[in-house]
Amino acid sequence: MSKILVICFSSINNVAMAIPVIHSLATQYAQHQIMVLSIDTFSPLFENVPDNVIFRGADFRGEHAGLMGLGWLYNDLKEEKFDAVAAFQPTFRSRFLCWRFRLAGIKAAHIKQNRRELQKLIRRKHKIYPIRLSFLSLFGKNKGNISSLAPLTGEKNQETWIGIAPFATHVGKIYPLSKQEQILKHLSARDHTKIFLFGGGKKEIKVLEEWAQHFPNVISTAGKLTI
């Protein structure tokens, strides 16, 4: 049995996209133990993973903030005696931890954003994967129980539901809000259409609530739903 640490420090969408790979790896190599290290608030994403996957949360706003906090995090992790370390995103934090593990003689690697290699993963035919992606969903062959959302969303019936997450971690990735508002105005005027706005943080919630009050058939979920 090998003990593998998978580091996934990134935005929630990138972490969510890593789950199928981690799930497939754990299922096909059930003899190995895998610890996923990610941001602590993302732990609900890993509640239904295989039994040989353990989630470990990092608190970068508190205990693990700054270089000193990363040092403490490494000191805790090294006690697990990992055989190998793999980082999904080449962030400063993941590079630092990989560097510390290499100094301790442990194999550590991170995904390099090599466009030629990336093309092999995303092309339509003859994709190349180191593992077979067998992941269906976090709920197996079933769908998740969304009945708890009914008080906020109402019944779907024959409506078209559209979800919009207008913000991003990096400002440069945010489409201008004035233009997003124009799109929202256009979509909200469509018959039998309901639009749900997603986001978090005080400033984001304020903008989303204003949009929800201004346009018909628009509902802000910000601050009202958990992962």
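K3 is buried, with a relative accessible area of 17%; buried means under 20% relative accessible area, exposed over 50%, and partly exposed in between (1.4 Å probe, protein chains only). The model is predicted, so local features need pLDDT of at least 70 and side-chain atom pairs count only at pLDDT 80 or more, while totals for chains, interfaces and linings use all residues. Residues are numbered from 1 along each chain as its sequence is written, and side-chain values use heavy atoms, with hydrogens and water left out.

**Strand pairing**

Helices (H or I, at least four residues) and strands (E, at least two) are DSSP runs, numbered from the N terminus. Two strands pair if DSSP finds at least two bridges between them. Strand 1 (residues 3-8) runs parallel to strand 2, and six bridges join the two. Within this pairing, V6 has V36 of strand 2 as its bridge partner. Strand 2 also pairs in the parallel sense with strand 3 (residues 53-58), again over six bridges, and here L37 stands opposite R56 of strand 3. Strand 2 (residues 33-39) is largely enclosed by the rest of the structure, because five of its seven residues are buried.

**Salt bridges**

Side chains of opposite charge can pair when their charged atoms come close. A salt bridge is a side-chain nitrogen of Lys or Arg within 4 Å of a carboxyl oxygen of Asp or Glu. The structure holds four salt bridges, among them the following.

| Pair | N to O distance |
|---|---|
| E80 and K3 | 3.0 Å |
| D76 and R56 | 3.6 Å |
| K194 and E159 | 3.7 Å |

E80 and K3 form a salt bridge. This pair links distant parts of the chain, 77 residues apart: E80 lies in the loop between helix 2 (66-78) and strand 4 (84-87), and K3 in strand 1. E80 is partly exposed at 25% relative accessibility.

D76 pairs with R56 in a salt bridge. Because D76 lies in helix 2 and R56 in strand 3, the pair ties together parts that are 20 residues apart in sequence. D76 is partly exposed, at 34% relative accessibility.

K194 and E159 also meet through their side chains in a salt bridge. K194 belongs to strand 7 (residues 193-197) and E159 to the loop between helix 5 (150-153) and strand 6 (160-164), so that distant parts of the chain, 35 residues apart, are linked. K194 counts as buried at 16% relative accessibility, whereas E159 is partly exposed with a relative accessible area of 23%.
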